[in-house]
Amino acid sequence: MIIYKYIKMYPANLAGHVDTLRTLMRTFRRAKADVTYSQGYNPHMDLYFSPALGLGCESTCEYVGTKGKSCDLDKLNSVSAPGIRFVECIETEDVNLAAAVTSADYIVKGKGVADLHTRLQSQPFNIVQSGKDGDKIKDVSARIFSVTVVDADTLKLNLACGNDNVRPDKLFSTLNFEPDSIVKTEMFVGNETVDCYLNSHKLN
């Protein structure tokens with residue numbers, strides 16, 4: 001498996017997960033990358049993603065996996081969409097980052113956001129989650145692992161990510177606060193970063 005690490009910044013952050021999937025498929029086609037396809041009547045690219053990024057959030061640590069041979073990063077970047085830049089590729093054993101990732105770090109900026117430090121650590125911290133059965137009130141305080149004040153206008157959050165995901169934008173909308181920016185800076189599998197996890201599964 002080839003895992004590509006990429007950055008997703010403005011304006012690409014305004015695209016949802018499905019649109020990002022289409023954008024990356026188009027990028028691989030334009031770069032003539034060696035990517036395997038599914039079998040059947042309507043074959044499509046086999047792509048494997050790290051946990052989906054919330055709409056509007058930026059990230060310096062997104063990952064997409066493919067089967068096939070690696071493609072030159074400069075070639076990919078020459079045909080990639082504005083705001084998306086590939087920064088690394090690594091050949092690994094088959095891994096499922098969507099299931100393996102457990103938490104993520106976010107840097108949140110906004111005028112006076114540090115004043116929300118105590119409220120973000122309150123228990124319970126209830127948010128409204130929409131699902132097939134309608135809206136439900138859910139306590140997510142146990143999934144807010146840490147809240148650190150960087151300065152008056154900057155917070156660093158470590159939140160559950162993956163199968164037990166907490167979206168940072170949901171937290172701040174609950175507090176009626178609109179950050180200037182939310183950037184995911186690191187993802188973790190347990191206590192190790194995804195980069196370390198991938199290197200430990202790297203093929204020689």
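How many residues lie between β8 and β9 in the hairpin that they form? There are 2 residues between them. The structure is a predicted model, in which local features need pLDDT of at least 70, side-chain atom pairs count only at pLDDT 80 or more, and totals for chains, interfaces and linings use all residues. Residues are numbered from 1 along each chain as its sequence is written, and side-chain values use heavy atoms, with hydrogens and water left out. Helices (H or I, at least four residues) and strands (E, at least two) are DSSP runs, numbered from the N terminus.

**Strand pairing**

- Two strands count as paired if DSSP finds at least two bridges between them.
- Strand β8 (residues 144-151) is joined by 6 bridges to strand β9 (residues 154-160), and the two run antiparallel.
- Within this pairing, Ile144 stands opposite Leu159 in β9.
- Strand β10 (residues 181-189) runs parallel to β3, and 2 bridges join them; the bridge partner of Ser59 in β10 is Lys184.
- Strand β5 (residues 103-109) pairs with β10 in the antiparallel sense over 7 bridges, and Lys109 stands opposite Ser181 in β10.
- Strand β11 (residues 192-193) also pairs with β10 in the antiparallel sense, over 2 bridges, and Val189 has Glu192 in β11 as its bridge partner.
- β10 and β11 form a hairpin with 2 residues between them, and Gly190 in the turn has a positive phi of about 65 degrees.

**Val149 in strand β8**

- Val149 is found in strand β8 and is partly exposed, with a relative accessible area of 41%; buried means under 20% relative accessible area, exposed over 50%, and partly exposed in between (1.4 Å probe, protein chains only).
- Not counting residues up to four places away in sequence, Val149 touches Ala114, His117, Thr154 and Leu155, where contact means heavy atoms within 4.5 Å.
- Val149 and Lys138 are 11 residues apart in sequence, and their C-alpha atoms are 25 Å apart in space.

**Aromatic pairs**

- Rings of Phe, Tyr and Trp (its six-membered ring) pair if their centres lie within 6.5 Å; planes under 30 degrees apart count as stacked, over 60 as edge-to-face and the rest as tilted.
- By this rule the count comes to 5 aromatic pairs.
- The ring centres of Tyr6 and Phe86 are 5.8 Å apart and their planes stand at 45 degrees, so this pair is tilted.
- Tyr6 lies in strand β1 (residues 2-8) and Phe86 in strand β4 (residues 84-91), so the pair ties together parts that are 80 residues apart in sequence.
- Both Tyr6 and Phe86 are buried.
- Phe172 and Phe177 form a tilted aromatic pair, with 6.1 Å centre to centre and 50 degrees between the planes; Phe172 is buried, with a relative accessible area of 0%.
- One aromatic cluster is formed by Tyr4, Tyr6, Phe28 and Phe86.

**Phe28 in helix α1**

- Phe28 is found in helix α1 and is buried, with a relative accessible area of 1%.
- Leaving aside neighbours within four places in sequence, the contacts of Phe28 include Tyr4, Met45, Leu47 and Phe86.
- Phe28 and Val79 are 51 residues apart in sequence and 8.5 Å apart in space, C-alpha to C-alpha.

**Cavities**

- A cavity is a set of points, on a 1 Å grid over the protein atoms alone, where a 1.4 Å probe fits but cannot get out; lining residues have an atom within 4 Å of a point.
- A search of the whole structure finds 4 cavities of 30 Å³ or more, and about 70 Å³ of space lies in the largest cavity; grid points are joined across faces, edges and corners, and a volume is the space filled by probe spheres set on the points.
- Among the residues that line the largest cavity are Tyr6, His17, Phe49 and Glu62.

**Backbone features**

- Most residues other than glycine have a negative phi, and most peptide bonds are trans.
- The peptide bond from Tyr10 to Pro11 is cis, with omega near 5 degrees, and Pro11 is in the loop between β1 and α1.
- The peptide bond from Gln123 to Pro124 is also cis, with omega near 0 degrees.
- Lys32 has a positive phi, near 55 degrees, and is exposed, with a relative accessible area of 71%.

Notes. On a 1 Å grid over the protein atoms alone, a cavity is a set of points where a 1.4 Å probe fits but cannot get out, and a pocket is an open set with protein on both sides within 12 Å along at least five of seven lines; lining residues have an atom within 4 Å of a point.
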